[in-house]
Amino acid sequence: MKTALTDTYKLNNGVEIPVVGFGTWQTPDGEVARESVKTALEVGYRHIDTAAAYGNEVSVGQGIKESGINRHDIFLTTKLWNDSHGYEATKKAIDLSLQRLDTDYLDLYLIHWPNPVAIREHWAELNAESWQAMEEAVKAGKIRAIGISNFRRHHLEELLKTANIVPAVNQNYLNPSDLQPDVLAANKEHDILNEAYSPLGTGDLLRNELVAEVAAAHNHSVPQVLLRWSLQHGFLPLPKSVHAEYIKSNTDIFDFELTDDEMKKLDGLRGVTRLATDPDTATF
């Protein structure tokens, strides 16, 4: 059983990744992002997740620098946005993220969405090109591990037709409202780690009566129960907050364990808030 924020999962390429990450989606660039990252690192996080699309890479990089923690002790993830698919565009995007984050390497780099609306007629070809550029960045020492996000089984299978490196991670919308069983099965077949974004259901699960009952039974908060659920599934949750008290509270998830019955009941909450966005019909 994982016992601390600094415990790790071993990726399929041997790289170790801390079992919980600090998410920065919707965290405004500037002081808010910078200070929240610093706070997260102060309370023990060693895994920071951002993306080009979040618009806060500069501030995330500043927060890491100002924390005083050695860069090599921090696992840093960012992602390729939809406007940069293709070989040359991806090479430029990687270098731009490195520049914005003020670092000479990334621990993990993901294709953010498999099928952006602007390239819907030839998404597979452009994903293959982007992946080639990412593989070259691994060989060049710019990136330690590469992966995907929001990929369904058919997107993954298409990518694997030309990939030399199997994705290490698939980051998806995962919480009791949507376990995405076919995605999980496809990832398991290729030893791909499941990262869970929106592990609290974008906040909607915080008001669910069943989750509240489980939380009360363990004398823990609803967010802590949802994060614990994620860990017990073998996922890597990415909670986010800009409030110091919640950033700290979200780390207190290692001193209790949900029962098999509680896990089963929580698994049965499918659709109580919303389901994952279908990347093939998304409008961005």
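Is Asn-150 buried or exposed? Select Asn-150 and look around: Asn-150 is buried, with a relative accessible area of 4%. Buried here means under 20% relative accessible area, exposed means over 50%, and partly exposed is in between, using a 1.4 Å probe and protein chains only.

Before we go on, a word about what's on your screen. This is a predicted model, in which local features need pLDDT of at least 70 and side-chain atom pairs count only at pLDDT 80 or more, while totals for chains, interfaces and linings use all residues. Residues are numbered from 1 along each chain as its sequence is written, and side-chain values use heavy atoms, with hydrogens and water left out.

**Stop 1: two loops**

Stay with Asn-150, in the loop between strand S7 (143-149) and H5. Helices (H or I, at least four residues) and strands (E, at least two) are DSSP runs, numbered from the N terminus. Check the backbone angle: phi of Asn-150 is near 65°, a positive value in a residue other than glycine. Most residues other than glycine have a negative phi.

Now jump to Asp-191, in the loop between helix H6 (181-189) and strand S9 (193-197). Asp-191 isn't a glycine, yet its phi is positive too, at about 55°. Asp-191 counts as exposed, at 51% relative accessibility.

**Stop 2: Leu-226 and its contacts**

Next, pick Leu-226 in helix H8 (residues 222-232). Leu-226 counts as buried, with 0% relative accessibility. Which residues does Leu-226 touch, leaving aside its neighbours within four places in sequence? Select Pro-176, Pro-199, Leu-200, Leu-205, Leu-206 and Val-211, and you have them. Contact means heavy atoms within 4.5 Å. Leu-200 and Leu-226 are 26 residues apart along the chain, but 6.2 Å separates their C-alpha atoms.

**Stop 3: the largest cavity**

On a 1 Å grid over the protein atoms alone, a cavity is a set of points where a 1.4 Å probe fits but cannot get out; a pocket is an open set with protein on both sides within 12 Å along at least five of seven lines; and lining residues have an atom within 4 Å of a point. Grid points are joined across faces, edges and corners, and a volume is the space filled by probe spheres set on the points.

The count is one cavity of 30 Å³ or more, and the largest cavity holds about 30 Å³. To see its lining, select Trp-123, Ala-124, Asn-127, Ala-128, His-155, Glu-158, Leu-159 and Thr-162. Helix H4 (123-139) and helix H5 (153-160) each supply at least two of the lining residues, with H4 giving the largest share, four residues.

**Stop 4: the largest pocket**

Now show Trp-25, Gln-26, Ser-198, Thr-202 and Lys-240: of the 31 residues lining the largest pocket, these lie nearest its centre. About 680 Å³ of space lies in this pocket.

**Stop 5: zoom out**

Finally, show the whole chain, with its ten helices and ten strands. Along its principal axes, the C-alpha trace spans about 55 × 40 × 35 Å. Buried residues make up 56% of the 284 residues. Among contacts between residues at least 6 apart in sequence, 75% join residues at least 24 apart.
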